[in-house]
Amino acid sequence: MIDAKEIKDDMPVITAQAEKFAEIDHLVSADEIKLKKDASGTHHYIPLSWVISTEGGSVKINRTLEQVKQDWATEASSSVN
């Protein structure tokens with residue numbers, strides 16, 4: 001499992017298909033990440049459990065962009081899976 005301390009504000013977030021889709025706003029808790037506002041002005045939240053790597057200065061997750069958009073949250077909640 002990834003250590004939350006490795007995730008820094010402004011790091012790019014990369015999907016399993018190597019697509020950059022967001023940047024880190026900040027960690028909400030030890031198991032939840034807040035993303036910067038998207039083009040529509042909305043923050044999204046993803047669980048730390050999706051993160052598979054922080055190598056190369058980016059946060060790589062185990063989801064495709066389609067999966068992310070289906071599963072991310074628009075409100076902070078430690079129950080996001």
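His44 sits in the loop between β3 (32-35) and β4 (45-47). Strands here are DSSP runs of E with at least two residues, helices are runs of H or I with at least four, and both are numbered from the N terminus. This is a predicted model: local features need pLDDT of at least 70, side-chain atom pairs count only at pLDDT 80 or more, and totals for chains, interfaces and linings use all residues. Residues are numbered from 1 along each chain as its sequence is written, and side-chain values use heavy atoms, leaving out hydrogens and water.

His44 is buried, with a relative accessible area of 6%. Buried means under 20%, exposed over 50%, and partly exposed in between (1.4 Å probe, protein chains only).

The table lists contacts (heavy atoms within 4.5 Å).

| Residue | Contacts, leaving out residues up to four places away in sequence |
|---|---|
| His44 | Ile33, Lys34, Leu35, Asp38, Trp72, Ala73, Thr74 |
| Val13 | Glu19, Lys20, Phe21, Ala22, Glu23, Ile24, Leu35, Ile46, Val59, Ile61 |

Val13, Leu35 and Ile61 touch the most other members of the largest nonpolar core, which has 18 residues. Such a core is a set of buried Ala, Val, Leu, Ile, Met, Phe, Trp, Tyr and Cys residues joined through side-chain atoms within 4.5 Å. Two or more residues each come from β2, β3 and β6 (59-61). β2 gives the most, with 3 residues.

The count of aromatic pairs is 1. The ring centres of Phe21 and Trp72 lie 6.1 Å apart and their planes meet at 50 degrees, so the pair is tilted. Rings of Phe, Tyr and Trp (its six-membered ring) pair if their centres lie within 6.5 Å; planes under 30 degrees apart are stacked, over 60 edge-to-face, the rest tilted. Phe21 is in β2 (residues 20-29) and Trp72 in the segment after α1 (65-71), so the pair ties together parts 51 residues apart in sequence. Both residues, Phe21 and Trp72, are buried.
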